[in-house]
Amino acid sequence: MKYSLIIENISEIFTAAADNPLITGGDLLIAVDNDGKISFAGSRSEFAQFDPEGMLLNCKNIVNAENRVVYPGFVDSHTHIVFAETREKEFELKARGATYEEIAASGGGILNSAKKTKETSLDDIIEQSSVRLEQVISYGVTTVEIKSGYALDVEGEIKLLRAIDALKAMYPIEIIPTFLGAHAYPEKFKNDHEGYIDLIISEMLPEIKSQGLAKFVDVFCEDGYFSLKETEKILMAAGSMGFGIKLHADEFNALGGTELAAEMGAASVDHLEEISDEGIKKLAQSGTVAGVLPITSVFSRLPFAPAEKMIENGVTVALATDFNPGSSMCGFLPLAASIGATQLKMTVENSLRGITLNGAKSLRIDRSKGSIEVGKDADLLIMNTKSWIYPVYHFGHNHVAKMFVKGEELDINFRQS
Ligand SMILES: [Zn+2]
């Protein structure tokens with residue numbers, strides 16, 4: 001047997017690839033080899049030339065797509081879904097007009113989550129987070145990045161990263177762990193920034209490295225959080241230890257975090273609601289991906305990042321949910337693509353690429369993930385529609401009919417609350 005899976009009778013394939021993003025014409029098929037990699041995507045007549053022996057003798061599992069569209073599995077490249085307890089009371093305050101800073105000043109925000117993380121057992125955090133992760137997967141997400149950052153001490157941050165590691169073992173999807181100890185200053189170090197940065201660099205990073213608990217290190221570079229200098233210090237240390245680097249920057253103010261990310265060769269710099277023209281120029285010249293989080297803009301009443309302008313200037317733009325209990329309590333990644341097309345003035349193609357290939361680029365795994373191309377992992381979605389545009393157009397609804405990870409079908413009947 002040559003193939004572990006063939007999906008036949010596909011109406012259209014959105015591949016997300018730069019040179020050939022869309023295959024149309026009906027009667028298409030995708031063949032997957034025994035290692036779960038894509039070996040062919042195209043029309044039935046092309047397949048007959050590609051493999052004259054035909055598929056019937058050569059395939060273990062033939063799935064009929066019933067004239068529906070196939071997408072690459074979605075990649076959510078920026079989330080904080082591992083946390084203890086939700087924060088709906090703050091949401092109510094926000095609805096009355098309280099700002100992010102006011103909520104933080106009144107003991108809410110990230111420090112509130114940090115307190116709850118300490119009081120919650122590892123098993124309980126895993127249980128709570130697994131429910132959220134199952135929701136996320138059921139929306140078609142086959143790769144997700146998850147950040148720590150809701151503990152802000154050595155023990156707690158390790159606990160959160162262990163929870164992420166436990167989820168990796170529980171689900172067949174790709175989970176990329178990021179250490180975000182520099183998410184805020186804990187109460188104890190409010191007036192001793194150097195002390196906390198020292199704790200991150202000399203205790204947290206070596207411990208996380210030795211246990212192999214994170215691929216990336218991320219810093220929240222913002223007024224009232226980590227200054228540009230502090231951010232640089234942490235990221236230099238992380239880079240020298242072999243971690244990939246990421247930044248949260250330009251969310252409220254443009255402090256130069258975007259320029260720093262480009263100079264340091266960060267995998268991505270995310271938020272960018274307030275990015276400057278100079279920042280856009282620098283990003284375009286670098287290999288750093290812009291991580292745009294439009295659901296956060298909606299949830300937290302922030303301006304939208306200028307995604308269209310960035311794309312016009314040659315920046316690679318990924319779209320992600322930023323799923324977190326404070327500023328974006330939503331893991332429905334396709335919504336980011338729909339807001340991309342409606343509010344960020346992105347094309348439908350670029351919006352979908354933002355939640356697939358460019359998400360994979362932002363996690364530096366685009367060699368194997370993010371698009372339907374020969375040799376890549378067969379992470380595939382059959383959507384409940386004939387048209388590749390429809391799932392972005394009919395927004396706020398889950399259109400996933402079937403999903404496959406490395407050619408294996410995934411049961412998507414998860415817990416939904
Ligand atoms: Zn974030």
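Q: Before we count anything, what are helices and strands here?
A: Helices (H or I, at least four residues) and strands (E, at least two) are DSSP runs, numbered from the N terminus. This is a predicted model, in which local features need pLDDT of at least 70 and side-chain atom pairs count only at pLDDT 80 or more, while totals for chains, interfaces and linings use all residues. Residues are numbered from 1 along each chain as its sequence is written.

Q: OK, how many helices and strands in the chain?
A: The secondary structure comes to 16 helices and 16 strands.

Q: And why call the chain as compact as a globular protein of that length?
A: Because its radius of gyration, taken over C-alpha atoms, is 21 Å, close to the 22 Å from the globule rule for 417 residues; that rule is 2.2 Å times the number of residues to the power 0.38.

Q: Which domains does the assignment give?
A: It gives domain 1 (3–72 + 371–410) and domain 2 (74–362), with bounds that come from an automatic or database domain assignment. The C-alpha centres of domain 1 and domain 2 lie 31 Å apart.

Q: How many residues does the contact take from each?
A: It takes 18 residues from domain 1 and 18 residues from domain 2, where contact means that C-beta atoms, placed from the backbone, lie within 7 Å.

Q: Which element gives the most on the domain 1 side?
A: That is β15, with 3 residues, and α16, β15 (400–405) and β16 (408–410) each supply at least two residues of the side of domain 1 that touches domain 2.

Q: Switching topic, at what angle do α6 and α7 pack?
A: Helix α6 (residues 154–170) and helix α7 (residues 193–211) pack at an angle of about 35°, with their axes 10 Å apart; the axes are lines fitted to C-alpha atoms over the stretch in contact, and angles run from 0 to 180 degrees between N-to-C directions.

Q: Which residues make that contact?
A: V154, E157, I158 and L161 of α6 meet L199, E203, M204, E207 and I208 of α7.

Q: What about α4, which residues are buried there?
A: In helix α4 (residues 109–119), G109, I110, N112, S113, A114 and T117 are buried, meaning that 20 or more other C-beta atoms lie within 10 Å of their own, whereas 12 or fewer makes a residue exposed and anything in between partly exposed. The buried residues of α4 pack against α3 (100–105) and α6.

Q: Last one, is Y393 buried or exposed?
A: Y393, found in helix α16 (residues 390–393), counts as exposed because it has 12 C-beta neighbours inside 10 Å.

Notes. Two residues are in contact if their C-beta atoms, placed from the backbone, lie within 7 Å.
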